[in-house]
Amino acid sequence: MLNRRHFLAYLHPEARQALAPALVEALPHTMRDSVTETAVLHGFLTDRIPGIVCRPTRRCTEGQGQLGFAFPLRVGEERVRSSVLVEPEHIASFLSPYEVMERAALRFPPPHAALRVALSLARRFDIRLGLIGSAALAAMTGLPYVRPQSDLDLLIDADQGGDFQAFHASLATISREIGVKADVELEFNCSVGVKLSEYISGREVLLAKTINDVELIDRIELQSCLADGARINASVAGRWGEHCKVPTTETIENQWSE
């Protein structure tokens, strides 16, 4: 599961203790003050905030993966984030975005003001919807990740199908009415993500994100993933654990949503 973007990963307690120094060391230089470091360690060790499986920004060996950690605090307007490389044995459990959505739907009040509207539209247009970003972390920790102006970050299981066009149009209309931005990604073949807005634009070439890189992919090739899950361009999907190359087109700060 360390090759599945957006999955939440829970660490074993002993792994947290072992990885804590590396997590603090990986904080941006502007966040290496004692107050922020203390808050990060509390969130990591005491609150046991889950990590988010993300694209490695440093070299890793076969089997390793990278977890990004976002904390419910900011320095100025910037979310406090860090990341660490982990081994499979560090992980106690994983939670998919779709499982997170199931749990978030049961929370009252919901972790984001627009969540129930999005779920209603998903049911209406036969879409399997996952929750990522700050609302996902708020749902799973109960901590104050979400602000009134926070985006609602969603993931759609493209392999299940549904009326993507109608969902996008309806969600965009409601988002404008309530003043909340929704950022939606389509996930193909459990490995390739594209922005929903870009997908429905009709463009022939789309920007695709995988665990290994960000590349351009032809629409026809992408749609073939729906018809045959086994068919996907190796240059786009990559082979997990073989090279874990550092992405040149995206930095750690914008790999996962706030």
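**A buried helix and the sheet beside it**

Good morning. I begin with helix H5, of which 8 of the 9 residues are buried, so this helix is largely enclosed by the rest of the structure. Please keep in mind throughout that this is a predicted model. The buried residues of H5 are Gly-133, Ser-134, Ala-135, Ala-136, Leu-137, Ala-138, Ala-139 and Met-140. Directly after H5 comes Gly-142, which has a positive phi near 75°.

In which order do the strands of the open sheet stand? The order is S4-S3-S2-S1-S5, and the 5 strands pair in the antiparallel sense. Strand S4, residues 78–86, and strand S5, residues 91–95, are found at the edges. Each of these two has a single partner strand, so one side of each is left without a neighbour in the sheet. On average, and ignoring direction, neighbouring strands of this sheet are turned by 35° against each other.

Strand S2, residues 51–54, joins strand S3, residues 65–75, over 3 bridges, and the pairing is antiparallel. Within this region, Ile-52 stands opposite Gly-68 in S3.

Another helix, H3, covers residues 97–104 and lies across strand S1, residues 8–11, and S5. The angle between H3 and S5 is about 75°.

I turn next to the surface. Val-205, Leu-207 and Leu-216 form a nonpolar patch there, and together they have about 270 Å² of accessible area. Val-205 belongs to strand S10, which covers residues 205–209. Why is Val-205 counted as partly exposed? Its relative accessibility is 43%, and the partly exposed class lies between the buried limit of under 20% and the exposed limit of over 50%.

Finally, I consider the protein as a whole. It contains 9 helices and 11 strands. Of its 258 residues, 49% count as buried. The protein exposes about 11,900 Å², and carbon and sulfur atoms supply 52% of that area. Among contacts between residues at least 6 apart in sequence, 67% join residues at least 24 apart.

Thank you for your attention.

Definitions and conventions:
Residues numbered from 1 in each chain as written. Predicted model: local features only at pLDDT ≥ 70, side-chain atom pairs only at ≥ 80, totals over all residues. Heavy atoms only, no water. Pairing = 2+ DSSP bridges. Helix = DSSP H or I, 4+ residues; strand = E, 2+ residues; numbered from the N terminus. Axes fitted to C-alpha atoms, helices over the stretch in contact; angles between N-to-C directions. Contact = heavy atoms within 4.5 Å. Buried < 20%, exposed > 50% of the residue type's maximum accessible area, 1.4 Å probe, protein only. Patch = residues over 30% accessible without salt bridge, like charges linked within 9 Å, V, L, I, M, F, W, Y side chains within 5 Å. Areas by Shrake-Rupley, 256 points an atom, 1.4 Å probe, with all protein chains shown as cover. Salt bridge = Lys/Arg side-chain N within 4 Å of Asp/Glu carboxyl O.
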